[in-house]
Amino acid sequence: MNVQMGSELNLETTESSWTGGWFSWTRQSDAMLRHVEKKILSCLKTAYKRFYVDIGSVVGQSDKIWTVSLNDESSRTPLVMLHGMGAGLALWCPNFDALAETRPVYAIDLLGFGRSSRPKFATEALKAEAQWVESVEEWRREVNLPQFILLGHSLGGYIATSYAMKYPERVRHLILADPWGFPERPAGAEKQQLPLWVRAIGTALQPLNPLWAVRAAGPAGRWLVSRTRPDISRKYNGYVNDADNVIPEYIYQCNSQTPSGESAFHSLMTGFGWAKNPMVKRIDKLSPALPITVLYGSRSWVDNSTGHVLSEHRPHSRTYVQVINGAGHHVYLDKPELFNKYVLEACSRADEYDPRTSTVVGGDTNKTEEHNS
């Protein structure tokens, strides 16, 4: 496995083009990002490792995936976690300890986000999607995980589903946390269903990358993040010291560099809330043997019909749908204890059922449940 641990690779020397087009204050952002990420992860009780995985020329010349692993010596099926748009792996901190108690857990900064390389993706939607899928696969090959449980939130759920379509033999169980990009975009839906801040991004700012204002604000970007989404910082107060400052700084630093992954996401979307190539049209490409757990927040702005659509199109497959009352789009953060509980239940199912060898589907399939907080 080609990883670099401990003495973290200085990407500024190998990827100088990352910041050349931006203001001077972003040139040291990787050092600040490294620092603030470490402050967030210091809340963990479980020992962890941080390292780069060199995946070669998947998109750029020498792409690297920033990775955190916990309990990686356990022999149980590993859990791999993919974050959403504009996020980074440290935002899973309310979940790591519980999820890593019984099995290995790996979380990555998706290519183009966080501390991972920021290459120039294809501008055509399906090509950009394929590049993300291949980056995850090359990462898997380097880390040498024959099979794993794959969890994706929002955009991460979209990428995880696409990965499971191409590499079904690698995914033991697919967990989708408020996944983005599944339903088709209905006429007029953006005005009717999405909150104001999402509509602003999806309409007035559609020609631009979604988080352009964060970079344009320069040093005031952290303040802009804290002012526009103070609710996110507050929810980390029970985990992270000085969360009101640390979390906005982390989100700002994750998005202050070249908007590589953000540009790729822009290529995928038609309006902020929908994908140009929605997964609903491709459900038949998922292996019917693959078990899927879908976790939704009852207050989320994301269309929550995905679980029902999966059940209808996969009537003889294992599909579990959980709607968590009181949770919004950031279901892993809004109700972390319930989220962790249902992820662990999905992981237990993965320990018991291998889709590569099992052909009989049990009677507990296609279940939809609501859970009060």
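## Salt bridges in the predicted model

The structure holds 17 salt bridges, and the model in which they are found is a predicted one. Side chains of opposite charge can pair when their charged atoms come close.

One of these pairs is formed by R115 and E37, whose closest N and O atoms are 3.8 Å apart. R115 sits in the loop between β5 (105-108) and α4 (125-143), while E37 belongs to helix α2 (residues 29-41), so that the pair links distant parts of the chain, 78 residues apart. Both R115 and E37 are buried.

## A link between two helices

In another salt bridge, the side chains of K235 and D334 meet with a distance of 2.6 Å from N to O. Because K235 lies in helix α10 (residues 230-235) and D334 in helix α14 (residues 331-334), this pair ties together parts that are 99 residues apart in sequence. K235 counts as partly exposed at 34% relative accessibility, whereas D334, at 18%, counts as buried because the cut-off for buried is under 20%.

An α-helix has 3.6 residues a turn, so residues three or four places apart point the same way. K341 is partly exposed, with a relative accessible area of 41%, and E345 is partly exposed as well, with a value of 29%.

Elsewhere, salt bridges that share partners join D30, R34, E37, R50 and R115 into one network.

## Helix α11

Helix α11 has 13 residues and reaches 18 Å from its first C-alpha to its last, which is close to the 18 Å expected at 1.5 Å a residue. Of its 13 residues, 11 are buried, so the helix is largely enclosed by the rest of the structure; among the buried residues are A243, V246, P248, Y250 and N255.

D244, which has its place in helix α11 (residues 243-255), counts as partly exposed at 43% relative accessibility. Its C-alpha lies 5.2 Å from that of S233, although D244 and S233 are 11 residues apart in sequence.

C254 is also found in helix α11, but C254 is buried, with a relative accessible area of 2%. Leaving aside residues up to four places away in sequence, C254 touches L33, G86, A87, G88, G114 and R118.

Notes:
Residues are numbered from 1 along each chain as its sequence is written. This is a predicted model: local features need pLDDT of at least 70, side-chain atom pairs count only at pLDDT 80 or more; totals for chains, interfaces and linings use all residues. Side-chain values use heavy atoms; hydrogens and water are left out. Helices (H or I, at least four residues) and strands (E, at least two) are DSSP runs, numbered from the N terminus. Buried means under 20% relative accessible area, exposed over 50%, partly exposed in between (1.4 Å probe, protein chains only). Contact means heavy atoms within 4.5 Å. The expected span of a helix is 1.5 Å times one less than its number of residues. A salt bridge is a side-chain nitrogen of Lys or Arg within 4 Å of a carboxyl oxygen of Asp or Glu.
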